[in-house]
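Please read the report below alongside the sequence and the 3D view.

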Amino acid sequence: MPVLQTPRLLLPLSRAVIARRLEAEAFTLPLPGPDGPLDVTFGPEWPGDPLPVFPGMLAALTGNESEVAGSFIAVQRDTGEAVGMLGTKGSPSPEGAQEIGYGFNPAVWGQGLATEGVGALVTYLHAGPHVRAVTAETAVDNPASARVLTKLGFRQVGRGYSDEDGPLILWAHTAT
């Protein structure tokens with residue numbers, strides 16, 4: 001899987017990152033960057049909510065697989081700091097809908113990094129042969145996440161509910 005790049009972010013997720021995070025709350029690990037290895041610092045707040053799924057992600061990697069398909073970390077290129085995580089939730093539906101999720105450290109909220117990272121992910125997914133629509137869910141009480149999706153051209157397509165987040169807004173983005 002290629003390393004996704006934006007002007008300010010790199011977005012890889014590897015077996016090494018997951019294994020190290022399960023061993024330590026904070027660490028530095030060299031990751032491949034466009035200009036050679038980049039020392040990435042992972043603080044204790046990274047990756048936030050997805051941490052409980054890391055053991056399953058690690059167990060699902062087989063043989064020589066070194067990267068988790070469809071999952072990425074957001075690393076600020078200028079500082080080498082891991083500031084978020086984003087990716088797909090499962091495989092595309094038979095109709096070509098691919099659900100995504102994302103979360104960024106509170107310290108970088110309001111800087112446009114989520115919009116930049118999610119935008120790169122959406123472009124990457126639409127470039128593939130099987131994705132006709134990228135979908136997402138946001139909690140009704142999370143207007144910042146809704147603004148990210150709105151800026152990227154997502155439209156509201158429904159309502160939902162989850163035990164974890166309560167009332168949800170359902171979103172979709174179709175390729176143009």
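Helices (H or I, at least four residues) and strands (E, at least two) are DSSP runs, numbered from the N terminus. A144 lies in helix α4, residues 143-151. This is a predicted model, in which local features need pLDDT of at least 70, side-chain atom pairs count only at pLDDT 80 or more, and totals for chains, interfaces and linings use all residues. Residues are numbered from 1 along each chain as its sequence is written, and side-chain values use heavy atoms, with hydrogens and water left out.

**Accessibility and A144**

Buried means under 20% relative accessible area, exposed over 50%, and partly exposed in between (1.4 Å probe, protein chains only). A144 has 39% relative accessibility, so it counts as partly exposed.

**Salt bridges**

Side chains of opposite charge can pair when their charged atoms come close. A salt bridge here is a side-chain nitrogen of Lys or Arg within 4 Å of a carboxyl oxygen of Asp or Glu. By this rule the count is 2 salt bridges.

R8 forms a salt bridge with E116; the closest N and O atoms are 2.8 Å apart. R8 lies in the segment before β1 (9-10) and E116 in helix α3 (residues 113-127), so the pair ties together parts that are 108 residues apart in sequence. R8 is partly exposed at 35% relative accessibility. E116 is buried, with a relative accessible area of 18%.

E99 and K89 also meet in a salt bridge through their side chains, at 3.6 Å, N to O. E99 sits in strand β6 (residues 97-104) and K89 in the loop between β5 (82-88) and β6; the two are 10 residues apart, and the pair links distant parts of the chain. E99 is partly exposed at 23% relative accessible area. K89 is partly exposed too, at 46%.

**Helices α3 and α4**

Two packed helices are described by the angle between their axes and the distance between the axes. Axes are lines fitted to C-alpha atoms, for helices over the stretch in contact, and angles run from 0 to 180 degrees between N-to-C directions. What are the values for α3 and α4? Their axes come within 9 Å and cross at roughly 50°.

Angles under 35 degrees count as roughly parallel, over 145 as roughly antiparallel, 65 to 115 as roughly perpendicular, and the rest as oblique. α3 and α4 are therefore oblique to each other. Their crossing is right-handed, a term for a near helix turned clockwise from the far one by less than a right angle.

Contact means heavy atoms within 4.5 Å. On the α3 side, A114, T115 and V118 meet V148, L149 and K151 in α4. By class, this contact of α3 with α4 has 4 nonpolar, 1 polar and 1 charged residues. Ala, Val, Leu, Ile, Met, Phe, Trp, Tyr, Cys and Pro count as nonpolar, Asp, Glu, Lys and Arg as charged, and the others, Gly among them, as polar.

**Strand and loop residues**

S14 lies in the loop between β1 and α1 (15-23). It counts as buried at 15% relative accessibility. Beyond its neighbours within four places in sequence, S14 is in contact with L31, S66 and E67.

S71 is found in strand β4, residues 71-76. S71 is buried, at 6% relative accessible area. Leaving out residues up to four places away in sequence, S71 touches L13, M57, L86 and G87.

G101 is found in strand β6. With the residues up to four places away not counted, G101 touches M85, L86, G87 and K89.

G36 lies in strand β3, residues 36-42. G36 is partly exposed, with 27% relative accessible area. P106 is placed in the loop between β6 and α3 and is exposed at 54%.

The table gives C-alpha separations.

| Pair | Apart along the chain | C-alpha distance |
|---|---|---|
| G36 and G70 | 34 residues | 22 Å |
| G101 and L31 | 70 residues | 23 Å |
| P106 and V83 | 23 residues | 8.6 Å |

**A cis peptide bond**

Most residues other than glycine have a negative phi, and most peptide bonds are trans. Which form does the bond from W46 to P47 take? It is cis, with omega near 5°. P47 lies in the loop between β3 and α2 (54-60).
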